[in-house]
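I opened this model to look up how its chains are built and how they meet. My entries follow in the order I made them.

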Amino acid sequence: MAGSATDYIKHHLTHAKAPHDGGFWSLNVDTFSVSLLLGFIFLFVFARVVRTFSIEKPGRLQCLVEIIVDMVATQVKDIFHAKSAMVAPLALTVFCWVFLMNAMDMLPVDFLPYIAQLIGGALGADPHHVYLRVVPSADVNATFAMSLSVMILIIAFSIKAKGFGGYMHELFSAPFGPKVGPINFIFQLIELIAKPISLALRLFGNMYAGELIFILIALLPWYMQWLLGAPWAIFHILVITLQAFVFMMLTIVYLSLAVEDH
Amino acid sequence: MEALVSQIQGMTALAAAIMIGLGAIGTALGFGILGGKFLESSARQPEMIPVLQTKLFIIAGLLDAISMIGVGVGLLYTFNNPFLTSALAVVKAGAGA
């Protein structure tokens, strides 16, 4: 497709929105459907391993799932000291889902968008206006959705552990003591709001920057592609796994701080 | 009109550069101190290396966060400049009225 480098970059940074012209309330259909699809793939694979579980002759998929579950269970046991049946499955879901969403960044930049353009062209739409961004965690909406859910869980766990009155008392009396209530409240509010914001933007920033550098590398001539693209892709494998791991760890840590007993 | 666009673009370029650069300084210093402490403690107690390595990666992920946010915002300004878009919308509205 003809057009300048800026057009190429802009094309690859636009979401498939519904309604098509955007606006605050438009839905990023590509983020929504890809993240849903990946969630179902994760659930399907893990459920299948459970159904074909074998102790004497574990297959390779079962061993992989066991490694992941074991790792998550160890982390939860080390950090979360109260009793809750929800934290470990939540941590497992967060880790696997964020990892799968991040891993979509390893596909070539033009691959799925080009197929989408062909399909869109065949269905009658203008091929140049068919947008598709396949990395859900490079969309602020997806990362903030997850981290705001974690924030709601933090509040819910705190209320469950300390009671509503106890939680309100803590909001106004920690960390400085009960006499300076409003100052405590401001500090607690800042701490409470900083958690989901940093959680969401950390993941978004890493994935957005990674995707953008892949797009910029795609604009280079063919003989420079492997020279720059290969090291960045290899480094990005580390970043993908690390970001999923850090998201999971911080979720567990925030929840354990919410229920901790002084 | 050209002067307005070029001023906005110049300032945006500077802003993006400062954001990415200052973030990089902080992260680099942080990683340096973190790595140094890790190496010291590994030398003191080699049997703790696996435990410490996990925590190393966790803290590395945390250190990366703010500078990555800065990089994300900087790249957003570079390739999808919101200031330019709103300024052009104002100009168009002014010219149309």
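Helices (H or I, at least four residues) and strands (E, at least two) are DSSP runs, numbered from the N terminus. I also noted that this is a predicted model, in which local features need pLDDT of at least 70 and side-chain atom pairs count only at pLDDT 80 or more, while totals for chains, interfaces and linings use all residues. Residues are numbered from 1 along each chain as its sequence is written, and chains are lettered from A and ligands numbered from 1 in the order in which they are written.

Entry 1: I looked up α8(A) against α2(B) and found an angle of about 95 degrees, with the axes 9 Å apart. The two helices are therefore roughly perpendicular to each other (65 to 115 degrees; under 35 is roughly parallel, over 145 roughly antiparallel, the rest oblique). I then listed the residues in contact (C-beta atoms, placed from the backbone, within 7 Å). Leu242(A), Gln243(A), Phe245(A), Val246(A) and Met249(A) of α8(A) meet Phe57(B), Ile58(B), Gly61(B) and Leu62(B) of α2(B). I sorted this contact by class and got 7 nonpolar, 2 polar and no charged residues. For the classes, Ala, Val, Leu, Ile, Met, Phe, Trp, Tyr, Cys and Pro count as nonpolar, Asp, Glu, Lys and Arg as charged, and the others, Gly among them, as polar.

**Entry 2: the whole interface.** I found 13 residues of chain B in contact with 17 residues of chain A. On the chain B side they divide into 9 nonpolar, 3 polar and 1 charged.

Entry 3: I counted 3 helices and 0 strands in chain B. Its radius of gyration is 22 Å, well over the 13 Å that the globule rule gives for 97 residues, so chain B is more spread out than a compact globule (radius over C-alpha atoms; the rule is 2.2 Å times the number of residues to the power 0.38). Along its principal axes the C-alpha trace of chain B spans about 75 × 20 × 10 Å. Buried residues make up 13% of chain B (buried: 20 or more other C-beta atoms within 10 Å; exposed: 12 or fewer; partly exposed: in between).

I checked α1 (residues 2-44) and α2 (residues 49-79) of chain B, which pack at about 175 degrees with axes 8 Å apart. They are therefore roughly antiparallel. Their contact has 18 nonpolar, 11 polar and 1 charged residues.

**Entry 4: the core.** Which residues have the most contacts inside the largest nonpolar core? I read off Ala91(A), Phe95(A), Val98(A), Phe247(A) and Met248(A), in a core of 49 residues. Such a core is a set of buried Ala, Val, Leu, Ile, Met, Phe, Trp, Tyr and Cys residues joined through C-beta atoms within 7 Å. α4(A) gives the most to this core, with 12 residues. Leaving aside neighbours within four places in sequence, Phe247(A) is in contact with Val94(A), Val98(A), Leu199(A) and Leu203(A).

**Entry 5: a loop residue.** I found Phe176(A) in the loop between α6 and α7 of chain A. Phe176(A) counts as exposed, with 11 C-beta neighbours inside 10 Å.

Key:
Two residues are in contact if their C-beta atoms, placed from the backbone, lie within 7 Å. Axes are lines fitted to C-alpha atoms, for helices over the stretch in contact, and angles run from 0 to 180 degrees between N-to-C directions.
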